[in-house]
Amino acid sequence: MRGGFPWGIGRRLAGVRANKSCMELTIREERPDDCRTVGELVEAAFRPLAFSEPLLVARLRRSEAFVPGLSLVAEAEGRLVGHVLLTRLEVVAEDRSAATVLGVAPLSVLPGLQNRGIGSALLREAHRRAVRAGFGAALLVGHADYYPRFGYVPASRFGIRFPFDAPDA
């Protein structure tokens, strides 16, 4: 494990593929004036399921789980094109001991710019910042074909069960 996370952590922020040319991508902390635009971005990324994801982001921002330095946006050509949010959560063992980890939800990229490395760059930068902030693990519910490239494995391998119905892919 490098840096305390069970995945390799890299940083590739420039030269993200966009159409046939490269676009300069800046990843930074979300600012209060980004909230409306992030909500619209998340809604667009998750359409037609968009009703729940923007609400999730808004609720997590207001919760004690929110970690300001781990709500990141990707900016290209003067506009927000992606967002990732990592928040604190507790994993409770059968013996009632607990560990604080991070939850990744959601990772969003504008539909016209998906599959060009923006989500990967956001997640890698979020991992890097999480390690720097002292976190050692992250959990998520997501696509089984996408997240393993970042080192994610089924939570069941660590004896973790979610308190809701979620596939263990």
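## Strand pairing

E5 and E6 pair in the antiparallel sense over ten bridges. Two strands count as paired if DSSP finds at least two bridges between them. Strands (E, at least two residues) and helices (H or I, at least four) are DSSP runs, numbered from the N terminus. This is a predicted model, in which local features need pLDDT of at least 70 and side-chain atom pairs count only at pLDDT 80 or more, while totals for chains, interfaces and linings use all residues. Residues are numbered from 1 along each chain as its sequence is written, and side-chain values use heavy atoms, with hydrogens and water left out.

The hairpin of E4 and E5 has two residues between the strands, and Glu-77 in its turn has a positive phi of about 50°.

## The sheet as a whole

Five strands form an open sheet in the order E3-E4-E5-E6-E7, with mixed pairing. E3 and strand E7 (138-139) stand at the edges with a single partner strand each, so one side of each has no neighbour in the sheet. As a general point, strands of a sheet pair through backbone hydrogen bonds, either parallel or antiparallel.

## Helices H1 and H2

The axes of H1 and H2 come within 8 Å and cross at roughly 145°. Axes are lines fitted to C-alpha atoms, for helices over the stretch in contact, and angles run from 0 to 180 degrees between N-to-C directions. In this contact (heavy atoms within 4.5 Å), Cys-35, Val-38, Gly-39, Val-42, Glu-43 and Phe-46 in H1 meet Glu-53, Pro-54, Val-57 and Arg-61 in H2. These residues divide into six nonpolar, one polar and three charged. Here Ala, Val, Leu, Ile, Met, Phe, Trp, Tyr, Cys and Pro count as nonpolar, Asp, Glu, Lys and Arg as charged, and the others, Gly among them, as polar.

H1 also lies across E4, E5 and E6, running at about 80° to E6.

## The nonpolar core

The largest nonpolar core has 39 residues, and Val-84 and Ile-118 touch the most other members. Two or more residues come from each of strand E3 (25-29), helix H1 (35-46), helix H2 (53-62), strand E4 (66-76), strand E5 (79-92), strand E6 (98-109) and helix H3 (118-132). E4 gives the most, with seven residues. Such a core is a set of buried Ala, Val, Leu, Ile, Met, Phe, Trp, Tyr and Cys residues joined through side-chain atoms within 4.5 Å. Buried means under 20% relative accessible area, exposed over 50%, and partly exposed in between (1.4 Å probe, protein chains only).

## Two buried residues

Leu-110 is in the loop between E6 and H3. Leu-110 counts as buried because its relative accessibility is 17%. Leaving out residues up to four places away in sequence, Leu-110 touches Leu-41, Ala-44, Arg-79, Leu-80 and Val-81. The C-alpha atoms of Leu-110 and Glu-40 are separated by 9.5 Å, with the two residues 70 apart along the chain.

Ala-121 lies in helix H3. Ala-121 has 4% relative accessibility and therefore counts as buried. Its C-alpha atom is separated by 8.5 Å from that of Ala-74, which is 47 residues away along the chain.
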